[in-house]
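Please have the viewer open as you read.

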Amino acid sequence: MLGPRPTVAGPAETNHAPLTAPGATRAMEAVLERVLEARLRQARDTDAVFALDMADRLAAYVRRGGKRLRTAFVWCGWRAAGGSGDASAVLRTGAALELLQACALIHDDVMDGSPLRRGAPAMHVDFAHGHRAGRTGGSAESFGTSAAVLAGDLALAWADDLLTETALASPHGPRLFEEWRAMRTEMVAGQYRDLRAQASGSSGAEEALTIAVLKSARYTVARPLALGASLAGADARTLGALRAAGRCAGLAFQLRDDLLGAFGDPVLTGKPADEDLRARKLTPLLAVAVRLAETTGDREAAAVLAPDADARPGHSVERMRAALERTGARAEVEARIADLAASGLRHFEATGAAAGVRREFAALVERASGVAPQQAEELV
């Protein structure tokens with residue numbers, strides 16, 4: 001069940017500022033591993049069955065990785081605000097974000113009924129498999145759902161514990177915790193708006209944007225940047241520029257994720273490519289397609305993308321993909337991603353960050369959005 005463990009870094013790698021965002025991510029992995037080992041020891045002291053069935057499974061899930069983008073953005077925010085020297089609080093904040101991300105993904109997969117995550121069975125599916133293998137009574141699906149909710153709660157508890165410990169040890173702890181508290185509330189608000197929009201069959205562009213900002217843009221980029229900047233005691237001007245940069249870059253990331261959800265290769269994404277379309281999730285991509293279909297009078301596309309489309313004869317994911325292409329929605333979203341990525345760089349430059357830090361941010365935005373944003377002359 002346990003995945004490969006990163007090599008634990010020595011003091012020089014964790015106490016002094018890594019020179020690059022990738023270096024910060026590698027150093028964070030070592031910190032995260034030590035945190036997981038401590039939490040697993042605590043779990044074993046609490047109850048052996050709980051430790052084996054749940055804590056070990058959660059640790060393996062976290063170790064299985066992901067993009068680890070949030071740690072890199074924490075580092076960028078810290079450096080943009082003048083952070084240097086001891087980077088231990090930055091790395092611990094990044095590790096807390098990875099634990100929070102585990103909570104978000106586990107719960108999201110339960111709500112969406114997603115079978116895969118990170119190229120393996122989703123947590124609720126894995127628990128259900130274990131239930132069947134153990135030949136225990138009751139519904140395997142119900143057990144899997146309930147156990148996965150608890151696993152997500154455990155990941156949140158681990159994340160909160162780590163962030164609180166970090167805040168208490170930092171001279172900027174109150175500001176760090178305020179950013180963290182706001183981010184958690186935004187996550188829940190975004191997830192609820194997502195559920196509500198799906199239940200109501202909404203196609204509104206404004207609602208799609210609200211969900212994307214709350215659920216992803218702030219959480220993935222804007223808040224991590226602000227968390228890092230808070231650890232450096234950033235002033236209001238720097239924080240404002242970073243929040244603007246994060247909103248733009250975070251929306252670019254979410255729009256790319258929407259396109260991957262509709263057109264991506266499951267081998268590369270680690271999750272089904274047609275999940276959002278089958279569920280008719282309200283995304284900016286869908287909202288754009290509905291608007292364009294109505295504007296151009298494309299009745300076929302409008303019918304395929306309508307909330308009640310599943311009841312229509314011949315409805316299929318392939319027809320939805322064709323409608324996204326034919327209406328021009330895919331092309332419009334691609335153009336929007338490029339604009340947002342470029343805007344994110346311009347806002348980040350307003351922080352006055354050194355050229356090297358701006359190059360690191362540009363590389364992260366390219367990785368998140370899938371496009372290379374145009375850089376200012378002084379970075380070339």
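Is Arg68 buried or exposed? Arg68 is buried, because its relative accessible area is 5%, and the cut-off for buried is under 20%. Keep in mind as you look that the model is predicted. You will find Arg68 in the loop between helix 3 (48-63) and helix 4. Its backbone deserves a glance too: Arg68 is not a glycine, yet its phi is positive, at about 55 degrees. Most residues other than glycine have a negative phi.

Arg280 sits in the loop between helix 12 (275-279) and helix 13 (284-296), and it counts as buried because its relative accessibility is 11%. Arg135, which follows helix 6, has a positive phi near 55 degrees.

Now step back to the whole chain. The protein's secondary structure consists of 17 helices and two strands. A compact globule of 380 residues would have a radius of gyration near 21 Å, and the protein agrees with this because its own value is 21 Å. Along the principal axes, the C-alpha trace spans about 65 × 65 × 30 Å. Of the 380 residues, 53% are buried. If you count contacts with a separation of 6 or more, 73% of them join residues 24 or more positions apart.

The accessible surface of the protein is about 16500 Å², and carbon and sulfur atoms hold 55% of it. There are 46 positive and 47 negative charges, and their mean positions lie 1 Å apart.

Next, let's turn to the aromatic rings. A pair of aromatic rings is described by the distance of the centres and the angle of the planes. The structure holds three aromatic pairs. In one of them, the ring centres of Phe73 and Phe361 are 5.9 Å apart and the planes meet at 65 degrees, so this pair is edge-to-face. Phe73 belongs to helix 4 (residues 69-80) and Phe361 to helix 17 (residues 355-369), so that the pair links distant parts of the chain, 288 residues apart. Phe73 counts as buried because its relative accessibility is 0%, and Phe361 is buried as well, with a relative accessible area of 0%. Ring pairs also bring in Phe348, which forms a cluster with Phe73 and Phe361.

Another edge-to-face pair is made by Phe127 and Phe143, at 6.4 Å centre to centre and with 75 degrees between the planes. Here Phe127 comes from helix 6 (residues 123-133) and Phe143 from helix 7 (residues 140-168), so the pair ties together parts that are 16 residues apart in sequence.

An α-helix has 3.6 residues a turn, so residues three or four places apart point the same way.

On the helix 7 side, look at Ala140, which is found in that helix. Ala140 counts as buried because its relative accessibility is 7%. Which residues does Ala140 touch, leaving aside its neighbours within four places in sequence? The contacts are with Ala128, His131 and Arg132. Ala140 and His124 are 16 residues apart in sequence, and their C-alpha atoms are 9.6 Å apart in space.

Finally, find Gly134 in the loop between helix 6 and helix 7. Gly134 is partly exposed, because its relative accessible area is 44%. From there, look across to His347: the C-alpha atoms of Gly134 and His347 are separated by 54 Å, and the two residues are 213 residues apart along the chain.

Conventions: Residues are numbered from 1 along each chain as its sequence is written. This is a predicted model: local features need pLDDT of at least 70, side-chain atom pairs count only at pLDDT 80 or more; totals for chains, interfaces and linings use all residues. Side-chain values use heavy atoms; hydrogens and water are left out. Helices (H or I, at least four residues) and strands (E, at least two) are DSSP runs, numbered from the N terminus. The radius of gyration is taken over C-alpha atoms; the globule rule is 2.2 Å times the number of residues to the power 0.38. Buried means under 20% relative accessible area, exposed over 50%, partly exposed in between (1.4 Å probe, protein chains only). Contact means heavy atoms within 4.5 Å. Accessible areas come from the Shrake-Rupley method with a 1.4 Å probe; for residues, only the protein chains shown count as cover. Lys and Arg count as positive and Asp and Glu as negative; His and the chain ends are not counted. The place of a charge is taken as NZ of Lys, CZ of Arg, CG of Asp or CD of Glu. Rings of Phe, Tyr and Trp (its six-membered ring) pair if their centres lie within 6.5 Å; planes under 30 degrees apart count as stacked, over 60 as edge-to-face and the rest as tilted.
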